[in-house]
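Have a look at the sequence and the model below, and keep both open while you read. This is a guided walk through a few parts of them.

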Amino acid sequence: MKLRPFRLSVLILSLFIPAALAAVVLFLVAYSGQAIIFNGLHFITGITWNLGDLYDNPVMVRGIQVPAGAEYGILAFVVGTLASSAIAILIAVPLSAGTAIFLSEAVPELERASRSVLPWLPPIRPVLAMLVELVAVVPSVVFGLWGIAVLVPFIGHYISPTGNGYGLLAASIVLALMITPIIASTLYDALCQVPKENRESAFALGATHFEVVTKAMIPMVRTTLMGGVVLALGRALGETMAVLMVSGGGINMLPTSLFSPISTIASFIVSQLDSAESDPTNMSVRALSEIALVLFLITLAVNAGAKLLSSGAFNVRKRQ
Amino acid sequence: MKLSKLLRTGIAALAITTGATAAHASTMRLSETGSSLLYPLFNLWVPAYTAKNPDVSITTASTGSGTGIAQSIKNLVQIGASDAYLSDAMVKFHPAMLSIPLAISSQAINYNLPGISHLNLSGPILAGIYMGKITKWNDPAIAAANPGVALPDHVIIPIHRVDGSGDTFIFSQYLAFSDKAWGNTLHYGTSISWPAVAGGIGANGNPGMVTALQNNPYGVAYIGISFAKQVAAAHLGQAALLNKAGNYVLPTPETISDASSSVANTTPPDERISIVFTPGTNAYPIVNYEYAIVNSKMTNKKEAAAVRDFLTWAVNDGNAMSFMTQVHFLPLPDSVKALTLKQIDSIK
Amino acid sequence: MSASVSNASLTSGKSGLALRRTIVSTVGWAACLMALALVIFPLLDIVGVVAINGMAAINWDLFTKDTGGTNLGLANAIEGTFIITIFAMLIAMPIGVGAGVYLSEYGKNKTGSTIRFLADVLTGTPSIVLGYFSYIVFIISFGWGFSLAAAAITIAILIVPYLARITELALAQVPNTMREAAYALGGRDSTVVFKVILPAASSGVITGALLALAISVGETAPLIYTAGWSDYRWNGQFTNSPVAYLTYVIWTFINQPDAHSHALAYAAAFLVMLIVLAINIGVRLTVRRGPRAG
C-alpha cells in the first residue's frame, strides 16, 4: 500500500481512543483483581451488598483480608441500571423523533404562514434549537433538584399507587429528559441535511408531508438516529448525581414495579466511594472498581447489541 | 477554522489573569477536606483566622468524611475533616494519624405525621422501623412509648441517606448501641447495608432528606442538627429520643452538653470515643465529636507549624459561642479541650 | 402542516384509503407537536429555575471575589472552569476531530469499526470511574497531586469519543459527489479533508465541539478527584496545585444549610449556562455561513 502520511496521522490520533480505554480497563482489572478473586460469580448473582463492619477488625476470608461481614452482590444494581436506561430510551426516542421532525419540518411552514400576520415574529427554530442545546449543559445536580422538587411530588400524587414518587420511574424520566436533547439535536441536524431531491420525489409520488417524513426521510437518517441513541445510552448508563437524587437509593432488593427504589451502577459507585475510602483493607474500593468493570462490560454489550441491530447501517452513505 | 483564534485569545486573557495572581504563591497554603457537617464551621473559622494571619491561606472543601480520612493519610491535604474517629484497624495501619475533636455536633430524628406535634421514639423502635419489623405507626411498640397520642394506621416510610455520611454513622451507632438485633447484624458505619423495607427510600445529602421527608407524609428521617432551621420551616416534627437512663429527651444545648460532659472524664488520650447513647440522666443520645484527622509526622515542618497554630486557634477562639450557635454546634468541655491541645502539640 | 392537508386533499378523491392517510398524517403531526411540548415544557422549567434563582444571585462580587469558603464570590471558580476547559479542549480537539476524520473518511474497515465501537464504549464509561482512574494514576502514582494537568487530561479523555463520533456522523452527511469532485481535481487527502469535507460539515463538527465544551464545563465527578478544590485562584502551576471550578460550587453549596450558599450554587449553575450559551451564539454567528450539504 502506498504511504499516505495524512491518513496515517489521523489513524494515530484515533488510536488514542482505544489506548485510553485500554488504560482504564487495565487499571480496573488490576485494581479490582483481589475483589474478583474474593467475590467470584456471587458478585453478579448476589443481591446483598454490605461493606461489612468497617469499624471492627478486618478478618481473613479465603486468604484475603476483608472487613468483617463484607459481602458484595450487585445484581440489583445491574437490573436497576438496565431498567432505568431502557425506559429512558423508550421515552426519549419517540419524544426526540417528534421534536426533531416538528422542528425541522412543521415549524418552517408555520413560520412562513405566520410571518405575513406577525412580521416581527422571532425565528422560532434557532431559539428552540438553542434551548435544546442549552439543556445539555444544565448540571445534572440541577436536573436532580428539579426532579425532587417537581417530578417526584407529581409522580407521588398522580401516578404512584403508594404515594411515593422516588424510584425507577422518576430516575427514568429524569434520564430521558437529559438524553432527549442529544438524540433530538443529532436527528434534527440529520433531517435538515436530507437532500432536497429525496423529499421532492416523495412529494411528487403523491405522499402527504407526514408520509414524506416517515417513509422517505426517517429511513435516510436511521444511521444518525442510531448513533445518537447509542451516545445517549452511554450518557444514561453513566449518569450519577441526578439519578442518585431521585432513584430512592434501592439496595438489597430487586425492583418489582416502576415505583420501586433502585440504584444504578454509576450512582451507586458515587454514593459508596466515600465510605469505601475509610476501609483499612481497601477491599471496598476494589469491589467498587469491580462494579465499574461490570458497567464497562454492560456498555460493551449494549454497544455490541446496538451494532447488531443496525448492522450495515453505519455505511449508509453509499445509498445516498 | 475560527475556533483556534478564539482559543488563542482565551489563552492570552488567561495569561494576564494568572500573572496577576502569582502574588499568592509566597503565602503558606493549607487544605482542609472532608465532612460536610464540619464544612460550614470551617467556613466561619477560616475568614476569622486568616484575617489575623494574612500570611496563611486555607482552602476548605466538602467531600465526605471517608475522603477526608483517605486524603489526609495520603498527604494530599493537611487537615481531613471527619464526623467519625479513625477505627482501631485504621490506627494500626496508619499509627501516625490523629483523631482530634474540634467541636460537638448532634442529630435530630424528624418525622412527618400530620397533626402530631410530640412523638417519643427509641433506638429499638427505630431499629425495628429500619429493619422492616415495625411497619405501621400504630404498632404496639410505638403506642406504648406514646400514651395518649392518636397514632395513624398508616405504613411508615423510613428514609435513609444514600451517600456515605457521618449522619448515618451516628444514627446507626444509636441503633447498634441500644438494640442488640441491629448491633449484631448491621453494626454501624458511614454506609449501611439497609435491609429492604417496603416503602423505604433513600435520599442524597441532608437537603435531600428534608425534601424527601416533606414529600412523604408518614415518613421518618435522621437529619443533622445544622439543618434545624430548614426542618422547622418545612413543618416537620422532631422526636424525643429514649436515652440510656430511660428518659425521652429532645436535642437542646442542655441535653447535648449533658451527653458530652458524661464522657468528658472517660475520653482517652487519643480521644477516639463515641458520645452516642451515653449514661447522663438528661443526655441526648445522638451526639458526636467532629474530628480533624491529621498526620502527626508531616514532611514539611512549616506546614506542621501552621496546622498546629490554626487548630489551636480553632479550639480556643474558634470554640466561642458566636461561631458555635451559627451551626448549632457546642464547644468542647474543658477537660476534652486539654486532651485536644495535647494532641495538636504532637503534630510535628 | 398546511402542506400535509393540501397535499392529501389534492390526491385524495373520496376513497377510504385517502381519508385514512389524511387522518394518520394529522394524528402524526399532532403527536409530533405533543412530543415537542412534552420536551420543551420540563426543559423550559428546568432552565427557568436556574435562570430565576441564578439571576437573583448575580452581583459584582461574584466576578471580583474568590469563594472564601461559601462566603464571597466565584472568581476563582469561574477562572478555573475556563482554564480547565481550554486545556482540555486543546488536548481533545485535535485527537477527537482527527479520529472523526479517520473514522468517516478511511475507517470503512475492521480497524475503523473497532475504534468506532470502542469510542462508543468509552462514552459509556461513567465519569466518576475516569475520575478515580486519574486519581490513582496521576494524583497518587505520578505524584502530581491535585492539579490542572490531571484535570485537563481526564476531561479530554471524557470528551474525545464524543468529538470523534459526532465529527464522524457530521462528515458522513457530506455527499460522496463532493469527495469525488475534489479528488478528481487532484486534491490530496489533507486538502480534500480541510478544504472540502470539514467546511461542508462544519456545522455538525461545531455541534460536536460545543457538546464537548458543554460536557467539560458541566462535569463534576471527574474533577473532584483530579482538580481537587481551591478557595484561591490558580497559581500558574500545572501540577501540585488544586484548581477551583464552577460545578464543585453547584454540587457542594447546594448541600449547605444556609441560603447564601444556595444562592451561590444557583449563580454558578446560571453562569455555566451563560458561558456555554455565549460560546454557542458566538461560534454559530462566526461559522454558520457555509452552504449546507445536500
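Chain C is built from 13 helices and zero strands. Follow chain C along its sequence and the pattern reads α-α-α-α-α-α-α-α-α-α-α-α-α. Keep in mind that this is a predicted model.

How does the radius of gyration of chain C sit against that of a compact globule of 294 residues? Such a globule would come in near 19 Å, but chain C has 24 Å. Taken along the principal axes, the C-alpha atoms of chain C fill a box of roughly 75 × 50 × 35 Å. Out of the 294 residues of chain C, 60% count as buried. Sequence separation matters here too: among contacts in chain C between residues at least 6 apart in sequence, 74% join residues at least 24 apart.

The buried residues of α12(C) include C:Y248, C:W251 and C:F253. Now jump to C:G28, which has its place in helix α2 (residues 16-57) of chain C. Is C:G28 buried or partly exposed? With 19 C-beta neighbours inside 10 Å, C:G28 counts as partly exposed, because being buried takes 20 or more. As for C:G28 and C:F253, they are 225 residues apart in sequence and 45 Å apart in space, going from C-alpha to C-alpha.

On to chain B, with its 14 helices and 12 strands. Its radius of gyration is 22 Å, close to the 20 Å that the globule rule gives for 348 residues, so chain B is as compact as a globular protein of that length. The C-alpha trace of chain B spans about 70 × 60 × 40 Å along its principal axes. Buried residues account for 55% of the 348 residues in chain B. Of the contacts in chain B with a separation of 6 or more, 73% are between residues 24 or more positions apart.

| Partner of β4(B) | Residues | Sense | Bridges |
|---|---|---|---|
| β12(B) | 287-295 | antiparallel | nine bridges |
| β8(B) | 219-224 | antiparallel | five bridges |
| β9(B) | 237-238 | antiparallel | two bridges |

B:A103 stands opposite B:E290 in β12(B). B:Y111 has B:V220 as its bridge partner in β8(B), and B:Y111 also stands opposite B:G237 in β9(B).

Elsewhere in chain B, three strands form an open sheet in the order β5-β10-β11, with mixed pairing. Which strands of this sheet stand at the edges? They are β5 (120-121) and β11 (248-249) of chain B, each with a single partner strand, so one side of each is left without a neighbour in the sheet. Strand β10(B), residues 240-242, pairs with β11(B) in the antiparallel sense over two bridges. In that pairing, B:L242 has B:Y248 of β11(B) as its bridge partner.

Finally, the place where chains A and B touch. Chain A puts 34 residues into the contact and chain B puts in 33 residues. On the side of chain A that touches chain B, the elements giving two or more residues are β1 (49-50), α6 (140-159), α11 (241-246) and α12 of chain A. The largest share of that side, five residues, comes from α12(A).

So what does α12(A) do there? Helix α12 (residues 265-276) of chain A and helix α3 (residues 65-73) of chain B have axes that come within 6 Å and cross at roughly 50°. The two helices, α12(A) and α3(B), are therefore oblique to each other. Their crossing is left-handed. The residues making this contact are A:D274, A:S275 and A:A276 of α12(A), together with B:S65, B:G66 and B:T67 of α3(B).

Note on methods. Residues are numbered from 1 along each chain as its sequence is written. Chains are lettered from A and ligands numbered from 1 in the order in which they are written. This is a predicted model: local features need pLDDT of at least 70, side-chain atom pairs count only at pLDDT 80 or more; totals for chains, interfaces and linings use all residues. Helices (H or I, at least four residues) and strands (E, at least two) are DSSP runs, numbered from the N terminus. The radius of gyration is taken over C-alpha atoms; the globule rule is 2.2 Å times the number of residues to the power 0.38. A residue is buried if 20 or more other C-beta atoms lie within 10 Å of its own, exposed if 12 or fewer, and partly exposed in between; C-beta atoms are placed from the backbone. Two residues are in contact if their C-beta atoms, placed from the backbone, lie within 7 Å. Two strands pair if DSSP finds at least two bridges between them. Axes are lines fitted to C-alpha atoms, for helices over the stretch in contact, and angles run from 0 to 180 degrees between N-to-C directions. Angles under 35 degrees count as roughly parallel, over 145 as roughly antiparallel, 65 to 115 as roughly perpendicular and the rest as oblique. A crossing is left-handed if the near helix is turned anticlockwise from the far one by less than a right angle, and right-handed if clockwise.
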